[in-house]
Amino acid sequence: MRKIKERICRDIKNLWPAAAAVVVSIILSNIIFHAFCPMVVLTGIPCPGCGMTRSLFLLLTGRVGLSVRMHPMGLPVACIILYFMWNRYILGRMSKGIKFLIVLVIVLLIALYCIRMYQFFPYREPYVYMEDNILAKILPFYEQILHSLKIL
């Protein structure tokens, strides 16, 4: 148990500045733009990971069906996180195959994103267009371009 605590404390000590920066950027982004996804804030268009936070929260609260509906990759991502944490903190070793799993999840995220954008955009959460985005504010013709490309 002592070694587990040491490993966790070492990671917290090494990673707290990055974690604090992420938390501050999420808070500021939510206050200013009412969203924390950089792609949504910039373009108004959801990214492949949009809905993942909500999916993981629903999973943690036991609502598996809603979690999968929000983002089908929430459960696999949660499993990979648990696998990584088990290996790193409990067993004290590097996770075998973790790079392969991460690449596989990224490929699946992009494939699923294309399918779900085709099916649901811009009518179903989290695949909706956020009109209050940076490009729409600074480029008056931005939404016209999206309409002409049949994105909206």
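Is R2 exposed or buried? R2 counts as exposed, because its relative accessibility is 65%. Here exposed means over 50% relative accessible area, buried means under 20%, and partly exposed lies in between, with a 1.4 Å probe and protein chains only.

Good morning, colleagues. The structure shown above is a predicted model, in which local features need pLDDT of at least 70 and side-chain atom pairs count only at pLDDT 80 or more, while totals for chains, interfaces and linings use all residues. Residues are numbered from 1 along each chain as its sequence is written, and side-chain values use heavy atoms, with hydrogens and water left out.

Let me begin with the overall fold. The protein chain contains eight helices and zero strands. Helices (H or I, at least four residues) and strands (E, at least two) are DSSP runs, numbered from the N terminus. The C-alpha trace spans about 60 × 30 × 30 Å along its principal axes. Of the 152 residues in the chain, 32% are buried. The accessible surface, from the Shrake-Rupley method with a 1.4 Å probe and, for residues, only the protein chains shown as cover, comes to about 10500 Å². Carbon and sulfur atoms account for 73% of that surface.

Contacts, meaning heavy atoms within 4.5 Å, may be considered next. Among those between residues at least 6 apart in sequence, 50% join residues at least 24 apart.

I turn now to helix α1, which covers residues 2–33. I8 is found in this helix, and I8 is partly exposed because its relative accessibility is 35%. The C-alpha atoms of I8 and P140 are separated by 49 Å, the two residues being 132 apart along the chain.

D11 also has its place in helix α1. D11 is buried because its relative accessible area is 8%. Which residues does D11 contact, leaving aside its neighbours within four places in sequence? They are W16, R88 and Y89.

L28, again in helix α1, is partly exposed at 45% relative accessibility. L28 belongs to a nonpolar surface patch with V23, V24, I27, I31 and I32, and together these residues have about 550 Å² of accessible area. Patches are made of residues with over 30% relative accessible area and no salt bridge; like charges are joined within 9 Å, and nonpolar side chains (Val, Leu, Ile, Met, Phe, Trp, Tyr) within 5 Å.

My last topic is the salt bridges. A salt bridge is a side-chain nitrogen of Lys or Arg within 4 Å of a carboxyl oxygen of Asp or Glu. The structure holds four of them, and I shall describe examples.

R2, with which I opened, meets E6 in a salt bridge of 3.4 Å, N to O. The two are separated by about one helical turn because they are four residues apart in helix α1. E6 is partly exposed, with a relative accessible area of 39%.

Another bridge joins R54 and E125, whose closest N and O atoms are 3.0 Å apart. This pair links distant parts of the chain: R54 lies in helix α3 (residues 52–60), and E125, 71 residues away, lies in the loop between α6 (98–120) and α7 (134–138). R54 is partly exposed at 38% relative accessible area, and E125 is partly exposed at 43%.

A further bridge pairs K137 with D132, the closest N and O atoms being 3.0 Å apart. K137 is exposed, with a relative accessible area of 54%, whereas D132 is partly exposed at 34% relative accessibility.

Thank you for your attention.
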